[in-house]
Amino acid sequence: ITLSNISKLNPIKNKYLNEVETLIKSELQSKYEIKYGHYGSHFTNLSIEGSDVDILIYYKNKDQSNKEFFKDILSVLNQHEDKFLSIQSILTASVPVIKLQICIKNEIKDIKFEHMGYLEGYWEFDKINFDLTFTQNEQEYLHSQQIVDYINKSINTYPMITYLLLILKRYFKIMKMNKSFHGGLSSFSLYLLILSFCKKFPTDITSKGKALFSFLGMFSFFEFDKLGIDVEHSNIFYYLNNTITINNNNNSEESFSKKEINIKDPLTKLNVAKSSFRVDDIQTTFRIAYDFLRTEGCYYDYAVFVHKTGYDTDFYNQIKN
């Protein structure tokens, strides 16, 4: 369903992506040298309904500060505010971002999207969201394309990544645990968890059902306070050295492991899950799905089948048994 709906939305997203980039570049090209870095799910075909389109703007002008560039960008966008449903700047964040929203009601009025049942209310097909971030660091700009290439290569090796990621991204969004700046788990962190699973346990990815169940089971009980994850490390899951020692009031020392999620970017080796501080909630999110599949999932499938086909209770009980 996701792939079908996204394939209908992507041409419209690409149209407005080109319009936004052309607008900014044409208005500021006399003052800055601008290039665009593309990263995120839209450029790896791993987006779900409602996914943002991420644009990294690389600019050169040593005489202008970041603050001046942000001001110029906002000025351009505000001059064309009639093109946008909303323009929101978050320049005090650790990664400053400008969020744009565009209404596409006219473009989709004749498009028939696949029915999504009880998920319907979670997705807005009539809006596109763009996240604009900025850098003067050429390595950061190059990194955006390197990551897209890395993800596409890993998907060619492990096609199961697409299936697992699309299901889990949708699930995490429903559970409101998909935003790292709210302490949840970002899509990229979730992708790296799935890749680590596929690399470490390739025999568990022979069937979709087994892969999903095994993945949820592993990370429901994963010791994030003791183990880090590096998909390019020889062991993939490695022991952390994150013991913290504090002095008590009686001058004795107490040591404990800081509970945080450590997932290394395969290229920069930085912890991409550093902002995911709601570790217990993230793990509970995995466990809820795991427990459901372990105890109730099979009966739910049969119940849906019976409801849709109209078979009687006796036939349902035969299948269940």
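1. Let's start with helix H6: its 14 residues reach 20 Å from the first C-alpha to the last, close to the 20 Å expected at 1.5 Å a residue. Please keep in mind that this is a predicted model.

2. How many of the 14 residues of H6 are buried? Ten of them are, so the helix is largely enclosed by the rest of the structure. The buried residues include Ser-189, Tyr-191, Ser-196 and Cys-198, and Leu-190, Leu-192, Leu-193, Ile-194, Leu-195 and Phe-197 are buried as well. Among the elements that cover these buried residues are H4, H5, H7 and S6, along with strand S7 (237-239) and H8.

3. Leaving aside neighbours within four places in sequence, Ile-194 is in contact with Ile-161, Leu-164, Leu-165, Leu-168 and Phe-215. As general background, nonpolar side chains tend to be buried together in soluble globular proteins.

4. Now to the sheet. Five strands form an open sheet with mixed pairing, in the order S1-S2-S5-S4-S3. Its edge strands are S1 (33-39) and S3 (86-90), each of which pairs on one side only. On average, neighbouring strands of this sheet are turned by 25 degrees against each other, direction ignored. Helix H4 (residues 138-157) packs on the sheet and touches S1, strand S2 (53-60) and strand S5 (127-135); the direction of H4 makes about 35 degrees with that of S1.

5. In which sense do S3 and strand S4 (residues 97-103) pair? Their pairing is antiparallel, over five bridges.

6. Leu-85 sits in the loop between helix H2 (66-79) and S3. Is this residue buried, exposed or partly exposed? With a relative accessible area of 46%, Leu-85 is partly exposed, because that value falls between the 20% and 50% cut-offs. Not counting residues up to four places away in sequence, Leu-85 touches Gln-101, Ile-102, Cys-103 and Lys-127. The C-alpha atoms of Leu-85 and Ile-102 are separated by 5.1 Å, although these residues are 17 apart along the chain.

7. Lys-176 is not a glycine, yet it has a positive phi of about 60 degrees. Lys-176 is placed in the loop between H5 and H6, and at 62% relative accessibility it counts as exposed. Lys-269 likewise has a positive phi, near 65 degrees, in a residue other than glycine. Lys-269 is found in the loop between strand S9 (253-257) and H8, and at 37% relative accessibility it counts as partly exposed.

Definitions and conventions: Residues numbered from 1 in each chain as written. Predicted model: local features only at pLDDT ≥ 70, side-chain atom pairs only at ≥ 80, totals over all residues. Heavy atoms only, no water. Pairing = 2+ DSSP bridges. Helix = DSSP H or I, 4+ residues; strand = E, 2+ residues; numbered from the N terminus. Axes fitted to C-alpha atoms, helices over the stretch in contact; angles between N-to-C directions. Contact = heavy atoms within 4.5 Å. Expected span 1.5 Å × (residues − 1). Buried < 20%, exposed > 50% of the residue type's maximum accessible area, 1.4 Å probe, protein only.
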